[in-house]
Amino acid sequence: MNKYVAIACLLFTHSAIVLADDREWSVFGGNNLHQRHSPLTQITPDNIQNLAPAWQFNTGNKATFQATPIVKSGVMYVSLPFNDVVALNAKSGELIWRYQHDRIESREMCCGPANRGVAVTDDHVFMGTVDGRLIALDVNTGKKAWDKDVTQGDSGIQEDVASLAGGTEGEVSGTSGVGLNMAPMVYNGNVIIGITGVGYGLHLDSPDPDAPLGAVVGIAGKYGRRGFLAAYDVETGDQRWQFDTIPEQGWEGDYLATTPDGELLPRDIEAEKASAEQYADAWRYGGGSAWSTPAIDHDTDTLFFGTGNPSPQMEGSSRPGDNLYTSSLVALDANSGKIKWHFQQVPHDMWGYDVASPPVLFDVYQDGKTVAAVGQAGKTGWFYVINRETGKLLFKSDAYVPQQNLFQPPSEAGTVIYPGVLGGSNWSPVALDAKRRQVYIAGIHWPVNYSLHQLPEKNGKAGLKYSSMAPLDTDERYGLLSAINIDTGKLVWQHKTPNPLLGGVLSTVTGLVFSGEGSGELFALNAASGDKVWSGSSEAGVNAPPISYEVDGKQYIAVVSGGNKLFGYKSGDVIKVWSLH
């Protein structure tokens, strides 16, 4: 055996040991590396045609549904839209208990009703809420153990909206609310979670009273607040550490003219530097939501998470500089919250290219060496592979969605850009098969129009100037599920879907790749070829990450099905589970 094969074999063996630790689905990412790769072997490409519904549970909450079910000791725990939680028998779907959330109705939601999941220990179920709280429930009864008001309802500071709008009442609204959207992560006695909704700035009113944000736009000014990721004691809820995604000193950075991978940015660096003193306090409103559940390297106690865009979004004139640490992958000491490094994908982001898809940990085999890496599927349409220890870019992948006019400014006529604010890949988690050396990414092709506007003059005041980025109503929108080689970044295959893909991916050791469609289809592809080998149906959009687990020697595939309002996918209230028949 030559030395390269030996290294590869060691790598595969290490990955198998990690993946075999748990035959259920006890953490958000399926295993400690967050690879969403199941070691279960019952369901294969040869017998998947025998996969049929095993049970389903109707929650009664028909709304955008994004949660990853957690399965531990034969019980499935699922957080519902608006933050109810159910505990179900994972074999039969029978209800064990239900927590009904006492939401603070007076608080404005930042990002709709969706919640991306819970964290479960032997004693507690932890959940972040749309009204800005972190809650611990008794794992056996669902009764509340403690309730921490993380945000205190504070969405930050904003200037007088009416004066900005030139007196145009009812057209320009204030900042969105601040909530907790991610699934928490438990580590060394702490539950870790971050806040969202701080990167939006102002927005235009929507004619739809149920829309959480209306039409989001870019308006210069002082709005909102800083984001943070924080750790809380699992027993008491007391805060142990907090990392602010916007530093008090140095958020301007180095005024970079390019992205770290060399893409030119349309920045007037001299003008930004000249206005720095005028906007010296811009960091106070800097944004940087924490959207994605962290991945933690247990060997080095290093936590990796992605940050949101700067505030105000899409409008950089009132926030000169690179706007650290927004639109970045950030590495922290998981026990103290101290920063180790950051990799800012887009300095001075003006396109909503926040780091939304959760990071994944794996080893890269390059030049005869094994390098510990962290990967992230960007909204930009590239998969970034970064040295886990140093934060240096190893490489970025081939583009997994079409790209046009990336990093171009808005125009009065409108600049057609793709990928736009929707991504690339949005919040959808990837799956990674270390043995086959492939990562699987749910992608979006949906062109957007990036435009400059001006409201009409009113009451003798000039109308407000602003930019907008709106998805185009075009037939040229679709999804791409891509397989990418994790050592080279080269595309291996792509599977095209009629609808943009939003929700996430599951892979299995037997060579299957599962994902869902807004049409209500859960489908499986052959990991080697990308060919579709199975599909199951649901009455609502399948826009959440599927999982696989085993109970009493039987393998199941599960996913929540509730659609996604922002994408126009049909709402529902179903937890659906399949097994071999």
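User: Which residue lies over the face of Phe28?

Analyst: This is a predicted model, in which local features need pLDDT of at least 70 and side-chain atom pairs count only at pLDDT 80 or more, while totals for chains, interfaces and linings use all residues. Residues are numbered from 1 along each chain as its sequence is written, and side-chain values use heavy atoms, with hydrogens and water left out. A charge sits over a ring if NZ of Lys or CZ of Arg is within 6 Å of the ring centre and within 35 degrees of the ring normal. At 4.5 Å from the ring centre of Phe28, the residue over its face is Arg36.

User: Is Phe362, which pairs with Phe383, buried or exposed?

Analyst: Rings of Phe, Tyr and Trp (its six-membered ring) pair if their centres lie within 6.5 Å, and planes under 30 degrees apart count as stacked, over 60 as edge-to-face and the rest as tilted. Phe362 and Phe383 are stacked, at 6.3 Å centre to centre and 25 degrees between the planes. Buried means under 20% relative accessible area, exposed over 50% and partly exposed in between (1.4 Å probe, protein chains only), so Phe362, at 2% relative accessibility, is buried.

User: In strand 27, what is the bridge partner of Tyr384?

Analyst: Strands (E, at least two residues) and helices (H or I, at least four) are DSSP runs numbered from the N terminus, and two strands pair if DSSP finds at least two bridges between them. Strand 26 (residues 383–387) pairs with strand 27 in the antiparallel sense over three bridges. The partner of Tyr384 in strand 27 is Lys396.
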